[in-house]
Amino acid sequence: GSGKPYCWGSGVKGRLGSGIGSNPDKATPFAVATSTLFARIESGKAHTCALTSAGAVWCWGDNTDAQMAEDLWDSTAKTGTKSNQSPQAIAEMGSFTISKVSIGPESDFTAALIDNGSIAVWGEYNGTVYTDHFVLNSGVATDVAAGTDHVCYIESGAVTCTGDNSAGQTTVPTLSKTPASVHAGADWSCAGFEAVTYTCWGSKAGW
């Protein structure tokens, strides 16, 4: 309720945002080392991103695959970012107002819905590492959901999914109603409707 973030579990690569270089594991909820308050929070395999009520996105944890939208760590030159031990604002997104941030389960990328309807993606997406964000869509999106290796979004009243389709998770079926929301998991996707019903596709094992 206060907007203060808490994390628990493995602390490897700063994923708990403890601000402690030793990255200890925590078996119970642990206050993240920040005074910034958040309205939403999403976690992937080894990084977390959170959104302020003003639409700014902050992330912490592993940067091995550019999850911080920064240059990767170069152990020889000692340049780049290895990990963020505590929440840091994503600098290249600082000029945008973000309305939603989404990270898939066990994923190393982040998808962010910008107020202008663009979807920004950074990190490791389908085998490519993006240290700078790229815009996924070409129109005005109203919702976005990231899976492990795929992304679904609503645009012009229709659902579009792109990325890994190994279980049919990006093959959108004919929808009988206008979608109000999208949802995604490891290898499945769903469209939600105003009547609080859903149509899902992909692997049933993940539902």
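**View 1. Strands β5 and β6, joined by bridges.** Two strands count as paired if DSSP finds at least two bridges between them. In this predicted model, β5 and β6 are joined by 4 bridges and run antiparallel.

**View 2. The disulfide between Cys 49 and Cys 59.** The sulfur atoms of Cys 49 and Cys 59 are joined in a disulfide, with an S to S distance of 2.0 Å. The link is right-handed, with 100° about the S-S bond. Cys 49 belongs to strand β4 and Cys 59 to strand β5, and the two residues are 10 residues apart. Cys 49 is buried, at 0% relative accessible area. Cys 59 is buried too, with a relative accessible area of 0%.

View 3. How far is the sulfur of Cys 7 from the closest cysteine sulfur? The distance is 11 Å, to the sulfur of Cys 49, which is too far for a bond. A disulfide needs the two sulfur atoms within 2.5 Å. The relative accessible area of Cys 7 is 8%, so this residue counts as buried.

**View 4. The disulfide between Cys 152 and Cys 161.** Cys 152 and Cys 161 form a disulfide, S to S 2.0 Å. The torsion about their S-S bond is about 105°, so this disulfide is right-handed. Cys 152 is buried, at 1% relative accessibility. Cys 161 has a relative accessibility of 12% and also counts as buried.

**View 5. The disulfide between Cys 190 and Cys 200.** A disulfide joins Cys 190 to Cys 200, with 2.0 Å from S to S. This link is right-handed, with 105° about the S-S bond. Cys 190 is in strand β15 (residues 188-192) and Cys 200 is in strand β16 (residues 198-202), 10 residues apart. Is each of the two cysteines buried or partly exposed? Cys 190, at 8% relative accessibility, counts as buried, whereas Cys 200, at 28%, counts as partly exposed. The count of disulfides comes to 3. With the bonded cysteines of the protein numbered in sequence order, the pairing reads 1-2, 3-4, 5-6.

**View 6. The salt bridge between Asp 62 and Lys 13.** Side chains of opposite charge can pair when their charged atoms come close. Over the whole structure, the search finds 3 salt bridges. In one of them, Asp 62 pairs with Lys 13, and the closest N and O atoms are 3.8 Å apart. Asp 62 lies in strand β5 (residues 57-62), and Lys 13 lies in the loop between β1 (6-9) and β2 (26-31), so the pair ties together parts that are 49 residues apart in sequence. Asp 62 counts as buried, at 5% relative accessibility. Lys 13 is partly exposed, with 37% relative accessible area.

**View 7. The salt bridge between Asp 108 and Lys 45.** Here the closest N and O atoms of Asp 108 and Lys 45 are 3.1 Å apart, and the two residues form a salt bridge. Asp 108 is part of strand β8 (residues 108-114), while Lys 45 sits in the loop between β3 (40-43) and β4 (47-51), so the pair ties together parts that are 63 residues apart in sequence. Asp 108 is buried, with a relative accessible area of 7%, whereas Lys 45 counts as partly exposed, at 39% relative accessibility.

**View 8. The salt bridge between Asp 143 and Lys 100.** The side chains of Asp 143 and Lys 100 meet in a salt bridge, 2.9 Å from N to O. Asp 143 is in strand β11 (residues 141-146) and Lys 100 in strand β7 (residues 98-102), and this pair links distant parts of the chain, 43 residues apart. Both Asp 143 and Lys 100 are buried.

Methods:
Residues numbered from 1 in each chain as written. Predicted model: local features only at pLDDT ≥ 70, side-chain atom pairs only at ≥ 80, totals over all residues. Heavy atoms only, no water. Salt bridge = Lys/Arg side-chain N within 4 Å of Asp/Glu carboxyl O. Buried < 20%, exposed > 50% of the residue type's maximum accessible area, 1.4 Å probe, protein only.
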